[in-house]
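Please open the model in a viewer with the sequence panel beside it. The stops below state what to select and what will be found there.

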Amino acid sequence: MLAQLAQRKEQDPEKSFTDEQICDHLFTILMAGHESTASGLAWGIYWMYRHPEIRQKLLAELDEKASPGDLDALSGLPYLDAFCKETLRIHPMIPDVARRLAVPFTLRGRRVEAGDILVASINLAHHRPDLYPEPDRFRPERFLERSFNQYEYFPFGGGERYCLGRGLGLLELKIGLATIIRRYELEVDISRPVRPTWNDAVRSPKGGVKMKVVGLRNP
């Protein structure tokens with residue numbers, strides 16, 4: 001990540017980040033790039049064990065289309081991709097994103113001045129019933145049935161300042177979930193609904209997701 005930022009500075013100085021901005025980006029990834037992936041994995045395992053039929057679809061796709069360690073195949077699996085996107089839709093790691101305006105503009109008849117801060121609620125956008133029917137229902141198929149634009153689905157923020165770890169974070173989630181479910185048989189406590197709570201900079205399952213390895217799926 002540091003190499004990419006520094007290379008951009010060398011290739012196009014006029015559009016590059018300042019040293020301060022590079023430090024800010026690295027600090028953000030250091031603070032939010034680890035806990036967010038762990039929380040995403042916990043939410044994903046929780047939902048696949050609440051819905052065994054979804055877990056079976058994931059396993060069938062993995063067994064048929066991706067050999068262990070084939071990262072290129074993993075990144076292109078449609079149902080795994082839809083599952084991860086639905087996980088981040090229903091439980092975005094960060095529920096809103098703030099932007100300081102560079103220029104003034106009018107929003108629904110109200111003038112907003114340069115320097116003002118507007119906050120876009122990721123959580124509210126992801127639970128709009130007109131975009132996501134039955135928004136509280138976990139249903140990966142919605143991402144196979146249609147595409148959502150950057151204003152309808154933005155778990156990593158939006159605009160020019162979206163999270164630099166967007167691609168890496170989604171790939172980490174796919175690799176982690178695929179590795180765990182195809183290798184281990186788990187016993188997961190789904191006796192009660194798990195609610196989100198703040199954990200440092202991200203929203204995580206309150207009390208964690210309790211699970212136990214009870215065997216190997218492919219000894």
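Helices (H or I, at least four residues) and strands (E, at least two) are DSSP runs, numbered from the N terminus. By that definition the chain has nine helices and eight strands. This is a predicted model, in which local features need pLDDT of at least 70 and side-chain atom pairs count only at pLDDT 80 or more, while totals for chains, interfaces and linings use all residues. Residues are numbered from 1 along each chain as its sequence is written, and side-chain values use heavy atoms, with hydrogens and water left out.

**The whole chain**

Begin with the C-alpha trace, which spans about 60 × 45 × 35 Å along its principal axes. Of the 219 residues in the chain, 38% are buried.

**Aromatic pairs**

A pair of aromatic rings is described by the distance of the centres and the angle of the planes. Here, rings of Phe, Tyr and Trp (its six-membered ring) pair if their centres lie within 6.5 Å; planes under 30 degrees apart count as stacked, over 60 as edge-to-face and the rest as tilted. The structure holds eight such pairs.

Select Y46 and W47. Their ring centres are 5.2 Å apart and their planes meet at 70°, so this pair is edge-to-face. Both Y46 and W47 are buried.

Next, select Y132 and F148. Is this pair stacked or edge-to-face? The centres lie 4.6 Å apart with the planes at 25°, so the pair is stacked. The two residues are 16 residues apart and the pair links distant parts of the chain: Y132 belongs to the loop between helix 7 (122-126) and helix 8 (142-145), and F148 to the loop between helix 8 and helix 9 (166-183). Y132 counts as buried because its relative accessibility is 0%; F148, at 16%, also counts as buried.

**Charges over rings**

A charge sits over a ring if NZ of Lys or CZ of Arg is within 6 Å of the ring centre and within 35 degrees of the ring normal. The charged end of R89 sits over the ring of Y132, 5.1 Å from its centre. A further example is R55, whose charged end is placed over the ring of Y49, 4.1 Å from the ring centre.

Move to D81, within helix 6 (residues 78-90). D81 has a relative accessible area of 18%, so this residue is buried. Which side chain does the side chain of D81 contact? The partner is K174, whose side chain makes a polar contact with that of D81 at 2.9 Å. A polar contact is a pair of N or O atoms within 3.5 Å; within protein, one must be able to donate a hydrogen and the other to accept it, and residues adjacent in sequence count only if both atoms are side-chain atoms.

**Positive phi values**

Select R108, in the loop between strand 2 (105-107) and strand 3 (110-112). R108 is not a glycine, yet has a positive phi of about 50°. With 86% relative accessibility, R108 counts as exposed. G109 lies in that loop between strand 2 and strand 3 as well, and counts as exposed at 71% relative accessibility.

Then go to E134, in the loop between helix 7 and helix 8. E134 also has a positive phi, near 50°, and is exposed, with a relative accessible area of 52%.

**The cavity**

For the last stop, select D189, R192, V194, G208, V209 and K210, which line the largest cavity. On a 1 Å grid over the protein atoms alone, a cavity is a set of points where a 1.4 Å probe fits but cannot get out, and lining residues have an atom within 4 Å of a point. Grid points are joined across faces, edges and corners, and a volume is the space filled by probe spheres set on the points. The structure holds one cavity of 30 Å³ or more, and the largest cavity has about 40 Å³ of space.

Note on methods
1 Å grid on protein atoms, 1.4 Å probe; cavity = no way out; pocket = protein on both sides within 12 Å on 5 of 7 lines; lining within 4 Å. Buried < 20%, exposed > 50% of the residue type's maximum accessible area, 1.4 Å probe, protein only.
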